[in-house]
Amino acid sequence: MEQNRFLYSDGREVFVTQSALKTKRALYRLKGITDFGLTVLRPNRLPGLILLIIGLTIAANGFFYFIPASFFESLSIPLKYAAPGVLIPVGVGIAIIGIILMLLMRKRYAVRIETAEGEKDAVVSEKKEYVDQIVTAIRKGKSSSFSRR
């Protein structure tokens, strides 16, 4: 039986040999992988955007009073909380939280493989170079498996 040669190891949880990709959660035979590649996973910035819009709306209401005081009374909110001295800092604070939330969300990169079971993101990381090294190792492993036939 032929010895499998390691093509890549991150030293912790991902190993690529001439015949398999082993991650923390699963083992994938390279023969079973029909397609693979690097995929960019874009973050969902909608929650941060919603907070930004809500915060700006609250702050704008503190400046321009476009929401009448009767609205706050109908919600049983005392008018002292609807004063500009309260609404403006609260609105700006919520908007800043929304901006920080959007800035903290980074795009991630994944090794996306396709097997008979479907598509899977085998490895996900914020470091493109790390994922690219794994994809290159899989490519070498697949090409060496074809050359051994």
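A positive surface patch is formed by Arg42, Arg45, Arg106, Lys107 and Lys128, where Lys and Arg count as positive and Asp and Glu as negative, while His and the chain ends are not counted. Patches of this kind are made of residues with over 30% relative accessible area and no salt bridge, like charges being joined within 9 Å and nonpolar side chains (Val, Leu, Ile, Met, Phe, Trp, Tyr) within 5 Å; the place of a charge is taken as NZ of Lys, CZ of Arg, CG of Asp or CD of Glu. The model is a predicted one, in which local features need pLDDT of at least 70 and side-chain atom pairs count only at pLDDT 80 or more, whereas totals for chains, interfaces and linings use all residues. Residues are numbered from 1 along each chain as its sequence is written, and side-chain values use heavy atoms, with hydrogens and water left out.

A nonpolar patch on the surface is formed by Leu46, Leu49, Ile50, Ile53 and Ile54, which together have about 420 Å² of accessible area, as calculated by the Shrake-Rupley method with a 1.4 Å probe, where for residues only the protein chains shown count as cover. Of these residues, Ile54 is found in helix α1 (residues 46-64), and its relative accessible area of 40% makes it partly exposed. By contrast, Leu30, in the loop between β4 (27-29) and β5 (35-41), counts as buried at 2% relative accessibility.

Strand β1 (residues 6-9) and strand β2 (residues 15-17) pair in the antiparallel sense over three bridges, two strands being paired if DSSP finds at least two bridges between them. Tyr8 has Val16 in β2 as its bridge partner. The two strands β1 and β2 form a hairpin with five residues between them, and in the turn Gly11 has a positive phi of about 85°.

A search of the whole structure finds four salt bridges, a salt bridge being a side-chain nitrogen of Lys or Arg within 4 Å of a carboxyl oxygen of Asp or Glu. One of them links Asp10 with Arg12, the closest N and O atoms being 3.9 Å apart; Asp10 is buried, with a relative accessible area of 17%, whereas Arg12 is exposed at 64%. In another, the side chains of Asp121 and Arg112 meet at 2.7 Å, N to O, and both residues are partly exposed, Asp121 at 32% relative accessibility and Arg112 with a relative accessible area of 26%. The side chains of Lys120 and Glu117 also meet in a salt bridge, at 2.5 Å, N to O, with Lys120 partly exposed at a relative accessible area of 26% and Glu117 exposed at 67%. Salt bridges that share partners join Arg112, Glu119 and Asp121 into one network.

Key. Helices (H or I, at least four residues) and strands (E, at least two) are DSSP runs, numbered from the N terminus. Buried means under 20% relative accessible area, exposed over 50%, partly exposed in between (1.4 Å probe, protein chains only).
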